[in-house]
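Subject: Structure handover

Hello,

Here is the structure I said I would pass on. My notes on it follow below.

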Amino acid sequence: MSVLVVVVALVVAVATYLTWLALRLDRLAARVADARGGLVAQLVARAAAAGDLAERCALDDLAASARRARAVYPPLLAGAALDGGVELVENALSRSLRSAEVAAAGQRFPAELHAVDSGAARVALARQFHNDAVRDLRALSGRRLIRVLHLSGRRPAPGYFEIDDALPVRDDAAAAHGEPFDHGEPFDHGDRPGLAS
Amino acid sequence: MKIGLACPYTWDVPGGVQVHVRDLAETLIAAGHEVSVITPVDDERTLPAYAVDAGRALPVRYNGSVARLLMGPVSAARVRRWLREHDFDVLHAHEPSAPSIGLLACMLADGPIVATFHTANPRSRFLVAAQGALQPSFEKLRARIAVSEAARRTLVEHLGADAILIPNGVAVDGFADAQPLPGYGDGRPTVVFLGRIDEPRKGLDVLLAAMPALLARIPDARLLVAGPGDAAGLRARLEPDLRTRVDLVGLVSDADKPRVFASGQAYCAPNTGQESFGIVLLEAMAAGTPVVASDIDAFRRVLDDGRAGRLFDVGDPGRLAAVLAEVLTDPEAAAELVRRGRGVVETYDWRTIAERIVDIYQMVSGDRQVSVAAS
C-alpha cells in the first residue's frame, strides 16, 4: 500500500515537473515569436525611413539598398525565417546608411536623417530583444531531459539574427537636432534617435 | 499605456530604488499614462494614490547592510490580485534580483515584462546561489535595463545577459531659477561645496588646501560649505585667515539645495574616491552653476569629457585653485559651461529618461497584456 502511495506521489511529481517545463518552453516560444514580430516591424520601419531619405535626396545607392530590403519583407511578414538572405540585405542597408553621402544629405534634410537614425537605433534594440529571447529558448530546449523527451515538439530551434547595426556617428549639426532642447512638451516623441514612436 | 511598477523595498524607508520608482511613476502619470505601483510599506498612510500596499517587509541582514525583503504568501496573493485587477500593457519589475516584490511579480506574471537592475554588486552571493532558481523568472523578461555601467556589468557577469543602459533620471525642474541664500548673490565670487564635511572621500580638504592660492588670485573670494558633520572641529582646524572666508551652513534641506547652488559662481566637487554617478553635478548644472570637479570616471562621463564642466587632477589643490580662478574670472567661459551643462542635464531629465523607458515598453508590449501566470 505504502509503496503504491510513494509510486503515485512520484508519478505526480514527475508529471508536474514535466508540465512545468513544457509551460516554460511554450512561454519562451511566445516570447521569441513576439520579439521576432517586433524585429521585423522595426526592419520595415527603418527601410521605409531610408527609402524616404533616398527619394528626398536622390541617393541612388541608398534607394537600391532600401528597395532590396523591402523586397524581402512580404515573405517575412508572412512568417518566413529571418535567414542569411535577410541578414545580407539588411547589412547592405546598414552600410549604405553609414555612407558619407547620407551624412551630407542629412545636413539638408535633418528630419529625414533623424527618422533614419531613430529607425536604426530601434532595429538594434529589437535585435537585442530577439536574440536574448532566442538564447533563453535555446538554453532551455538544449537541456538533456527536454531533448530526450522531445518536449520541444516539432518546433525547430529559432536562429539568432546577426547583422551589423552599428549606428552611424553624426557630427554636431546632426547630433544637435537629435537632442531635445525644448522644455515645452513633456512627451514629444520623435525628437531623439531611438525614441521616435 | 497601462503600466504596472513593482517596487522591492519599503516605500517609506529612504532609498534610491524607491525614489527612482516614485519619480518614474509620477513622470509617466504626468505624461498621460495609467500607472499603478505595488510596494511594501510600513505605514500605509504614506502611500500616494497610485500605489498599492504589498505588506510589511522583513528586515534581513544581507551584504553588510540590512535589506528589507518580502516574499510571503500574503504578498503573493496581493501581487496576484493587483495583476488581475489592472490588465497592464506592461509590467516593469525593479531589482528582481532581490527576493522581494520585483521578483515575486516576475514569478507570478506572464506577458510583456521589463526589469530594471539598480545594484552594482561584483560578487553577489545571492545571485550566484540563486541563479538556477531565478532563471525561470528571468527568462520572462523581454527587456532588461541597467541604471549604470557597473549594474550592467554585474548582470553580464552573473547572468550572462546584457542590458540596456538607461541612467537614473534627475528631477531638474526645481533647480532652475532658484534664489541665492540670504547674504549671497551680491556679486562676490563664491565657490560652493555640498556634502559631508568630515568624509575624506568627499574631498573638502583638497578644496580647503586650494583656498590660499585662490585667494592670492581673487582676494574677495569665499567658500560656502553646506553639509552635515563636525563644523566646530573643522573651524578649529582652519588657518585663522581662512576662517572669515569659509561659511559653514551645515545640513541644508532638500528645498534649500537649489538655493545653495544659486549662491555660488562655481560648484566644486573635489571627491577623491570613486563615485558611481554624479547626481549632485547634474543638480548644479540644472541650477545654472558652473561645475569644477575631480577627474574621476563618473564625473568625466557626466561632464561630457570636460566640455560641460571643468575637470582637475584628483587631489591636486594647485590645479584646483587655477581652474577655479579661471571659472570665476572669465564670465564668457563660465557662461559656455553653463550652456553646455544645461544640454547635458536635458538628457538626464526624468522626462527624457521616461521617454526612453516608454519606448522600450512599446517595443516589447505587442498585443498581449500582462496576465497571471498559470504556474
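In chain B, B:Ser75, B:Ala76, B:Val79, B:Arg80 and B:Leu83 of α2(B) are in contact with B:Ile101, B:Leu104, B:Ala105 and B:Leu108 of α3(B) (contact: C-beta atoms, placed from the backbone, within 7 Å). This contact is made up of 7 nonpolar, 1 polar and 1 charged residues (nonpolar: Ala, Val, Leu, Ile, Met, Phe, Trp, Tyr, Cys and Pro; charged: Asp, Glu, Lys and Arg; polar: the others, Gly among them).

The model is predicted: local features need pLDDT of at least 70, side-chain atom pairs count only at pLDDT 80 or more, and totals for chains, interfaces and linings use all residues. Residues are numbered from 1 along each chain as its sequence is written, while chains are lettered from A and ligands numbered from 1 in the order in which they are written.

Helix α2 (residues 73–86) and helix α3 (residues 101–108) of chain B have axes that come within 10 Å and cross at roughly 60° (axes are fitted to C-alpha atoms over the stretch in contact, with angles from 0 to 180 degrees between N-to-C directions; helices are DSSP runs of H or I, at least four residues, and strands of E, at least two, numbered from the N terminus). α2(B) is therefore oblique to α3(B) (under 35 degrees is roughly parallel, over 145 roughly antiparallel, 65 to 115 roughly perpendicular, the rest oblique).

Chain B also has an open sheet of 6 strands, paired in parallel, in the order β13-β12-β11-β14-β15-β16 (strands pair if DSSP finds at least two bridges between them). Its edge strands are β13 (246–250) and β16 (310–312). The twist from one strand to the next averages 25°.

Regards

Terms used. Contact = placed C-beta atoms within 7 Å.
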